[in-house]
Every structure is written in C-alpha cells, then in structure tokens.
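Good morning. Please look at the fold on the screen while I talk through the sheet, the helices packed on it and some charged pairs.

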Amino acid sequence: MTDDIQSFGNRFDNPEEDPAMLEAGRLLFAKPCDFILGATKDEHIGSYNLPEIAFAGRSNVGKSSLVNALTGQKTLARTSNTPGRTRQLNFFDLGQKLILVDLPGYGYAQASKSDIAYWTNLTRNYLRGRAELKRILLLIDSRHGAKDSDRQIMDELDTSAVSYQIVMTKTDKIKPTPLAEVEKKLAAELAKRPAAHPQIMKTSSAKSVGIAELRASIAALTQQGG
C-alpha cells in the first residue's frame, strides 16, 4: 500500500516522465475541443465549473500554435504573423474536462496605448480570484529568453500568488547549447520567485517536441483537483 501511495505521489511530481500520466494526457487532449467565446468585457467572463489552464506570453511567442498542437486541431486557435492578434480572452472547452484560456499577448508591436491598457486590465480582472485557474503557462521564446515585459508579468503573478510555469517555445529554432544556456538563466530567475513552478517545459509546436509531456503535466493538474 505504501508503494502505491509513493507511486501516486511521484506521478504528480513528475507527470511528464510517468507512462500512465503520458497516456492520461493523450486521452485528455484526444477529446473534442470547442471554442466557447472570446471575452472582450469583464461581464463576458463566466464560470464553467471546470479546472482552467491559461496560456500567457508575449505577442508572437506561439501561444495559438501551442494550443493547436496540444489539441491536435490546426485551426482551433487563430495564428497570425501580426503580433497582438489575440485581443480578447479566448475560452475553449476540452471534452467538458478542462477549460483552456488563450490570453491576449503582451509587448504589442502595433496597438494603441488605450487598447493595451484595456486588454491588460481585462486580463488582470480575469486572474483576480479565479478559483478554477489551476496554473498559467507562461510562454517564453527560447531564442530570446525572458524579456522585461515577461518579468513584469511574473512580478504581478508572484504578488497575486497565481501559480505559473514557464514553457519555452520554438526550441527547434535554436541549437542545444544556447538553449541550455537560456534554460539555465531562466531557472536561476525562477528560483527567486514564490509563485513559479520550478520545472521548465521545452516545446516546439512545429516539431511536436515536448507536446506529449506538456499534455501529461496538464492532465496531472486536472486530476489533483486542487
């Protein structure tokens, strides 16, 4: 019995290494995923009584591409070469088991100050006291590492005690040695941040790198129920 309990604990500690959790992640993301709504006002944001995972990151970091890769639906989330295309909170229902939330990108290249302030405030209001939110996946472009705008978001999440985890994107576009250097620098920063999950996930939507492991990690969060 003790061995069973220990195995269960390890499964949640390192779900991306556990065959059962990898399978649980595959099955979870094999379910149909449907767009619910794009919230542009606070009153549009409802409660779905399901666990939620939110995706955040700089404009053009690959949020929509990652959502599409996870769900296996190439056109579920709209992708664009124009930074700042996601200007609303997009909610997706994954098999009535999990809500995926694609947050507006920050660090907008082409947007008015008033628009930026509006989207930022909308996102903050969503994050404030969101009991269903299990974790924010904060995407960082592996070629560039953390920028000041990323650190500002991390500061706010630390202050608000909102759990977040770094997901490095576009790892197919950087060689192993510089990738390891970027990861090392990020890990050192995260060690000083109270709301940050210590493990960094490395992904490439284009090459399907790390997708199965990220699915397993998300599945573990839904099963923990807390």
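Two strands count as paired if DSSP finds at least two bridges between them. Helices (H or I, at least four residues) and strands (E, at least two) are DSSP runs, numbered from the N terminus. This is a predicted model, in which local features need pLDDT of at least 70 and side-chain atom pairs count only at pLDDT 80 or more, while totals for chains, interfaces and linings use all residues. Residues are numbered from 1 along each chain as its sequence is written, and side-chain values use heavy atoms, with hydrogens and water left out.

I start with the sheet. In general, strands of a sheet pair through backbone hydrogen bonds, either parallel or antiparallel. Here we have an open sheet of 7 strands with mixed pairing, in the order S1-S3-S4-S2-S5-S6-S7. Strand S1 (33-39) and strand S7 (201-202) are at the edges with a single partner strand each, so one side of each has no neighbour in the sheet.

On to S2, which pairs with S4 in the parallel sense over 4 bridges. There, Glu 52 stands opposite Ile 99 in S4.

How much of S4 is buried? 5 of its 5 residues are, where buried means under 20% relative accessible area, with a 1.4 Å probe and protein chains only. Both faces are covered: Leu 98, Leu 100 and Asp 102 are buried on one side, Ile 99 and Val 101 on the other.

Next, the helices. Helix H5 (residues 148-160) lies across strand S5 (133-141) and strand S6 (164-169), at about 165 degrees to S5. Helix H7 (residues 211-224) packs on the sheet as well, touching strand S2 (52-57), strand S4 (98-102), S5, S6 and S7, and its direction makes about 160 degrees with that of S5. Contact here means heavy atoms within 4.5 Å. The axes are lines fitted to C-alpha atoms, for helices over the stretch in contact, and angles run from 0 to 180 degrees between N-to-C directions.

Last, the charged pairs. A salt bridge is a side-chain nitrogen of Lys or Arg within 4 Å of a carboxyl oxygen of Asp or Glu, and the structure holds 11 of them. In one, Arg 130 and Glu 52 meet at 2.7 Å, N to O. Arg 130 lies in the loop between helix H4 (113-127) and S5, and Glu 52 in strand S2, so the pair ties together parts 78 residues apart in sequence. Arg 130 is buried at 14% relative accessible area, and Glu 52 is buried at 0%. Glu 52, Arg 130 and Glu 132 are linked in a network of salt bridges.

Another joins Lys 63 to Asp 102, with the closest N and O atoms 2.7 Å apart. Lys 63 lies in helix H3 (residues 63-71) and Asp 102 in strand S4, so this pair ties together parts 39 residues apart in sequence. Lys 63 and Asp 102 are both buried.

That is where I stop.

Key:
Buried means under 20% relative accessible area, exposed over 50%, partly exposed in between (1.4 Å probe, protein chains only).
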